Amino acid sequence: QAEYQAVMGTNPSMFRGDESLPVEMVQWTDAAEYCRKRTELERAAGKIGQQQAYRLPTEAEWEYAARAGTTGIRHGALNDIAWWLATTSGTGTRPVRRKTPNAWGLHDMIGNVGEWCADWYGPYPSGASTDPSGPPAGTEKVVRGGGWHFDDWLNRSAVRSGSLVDSRFFSVGFRPVLSP
């Protein structure tokens with residue numbers, strides 16, 4: 001929330017208090033605008049190059065990062081890696097980076113808040129594919145990662161859903177990526 005507040009000048013989150021809580025209650029368009037503004041600010045400050053940009057991950061990038069080379073339903077025991085219904089008692093988000101990271105050092109890929117992705121939501125292509133992208137247009141964007149109020153079967157690397165771009169949920173945030 002602190003990072004979002006610094007860039008956007010506001011905090012839409014329902015659950016507040018600790019600065020390290022994930023931002024939630026953001027529309028997909030809010031997340032995309034955050035990426036645009038952060039890119040602009042960091043380029044101006046010389047923190048990133050002119051060719052670099054923050055953006056939302058594709059759905060394929062998100063799953064690749066969440067799995068971190070694993071092939072199981074999760075990269076570890078759920079209680080160790082995620083805030084979910086059994087560890088939150090259904091009372092809200094928890095501070096980030098408090099659970100065990102995956103093999104690539106990424107925290108909270110599963111649980112706590114679901115994360116907006118860049119792709120439009122649609123059925124997967126038939127047959128095997130490498131780095132698939134969503135349909136070229138649609139009405140819903142992909143959300144990945146489960147959430148603090150979901151049971152174990154919805155907090156898995158492969159779970160996906162779609163939501164309208166102007167939707168706000170107390171369990172959906174985002175994770176920007178920096179493109180070269």
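Author: Leaving aside residues up to four places away in sequence, His 75 touches Ala 66, Arg 67, Thr 70, Ile 81, Thr 100, Pro 101, Asn 102 and Ile 110, where contact means heavy atoms within 4.5 Å. This is a predicted model, in which local features need pLDDT of at least 70 and side-chain atom pairs count only at pLDDT 80 or more, while totals for chains, interfaces and linings use all residues. Residues are numbered from 1 along each chain as its sequence is written, and side-chain values use heavy atoms, with hydrogens and water left out.

His 75 sits in the loop between H3 and helix H4 (78–81); helices (H or I, at least four residues) and strands (E, at least two) are DSSP runs, numbered from the N terminus. With a relative accessible area of 18%, His 75 is buried, a term that means under 20%, with exposed over 50% and partly exposed in between (1.4 Å probe, protein chains only).

Helix H3 (residues 59–67) lies across E2, E3 and E4, at about 140 degrees to E2, whereas helix H2 (residues 28–44) lies across E2, strand E3 (140–144) and E5, at about 85 degrees to E2. Such angles run from 0 to 180 degrees between N-to-C directions, with axes fitted to C-alpha atoms, for helices over the stretch in contact.

The open sheet itself has four strands in the order E4-E3-E2-E5, with mixed pairing. Strands E4 (160–164) and E5 (172–174) are at the edges, each with a single partner strand, so one side of each lacks a neighbour in the sheet. Two strands pair if DSSP finds at least two bridges between them; E2 (residues 114–120) and E5 run parallel, joined by three bridges.
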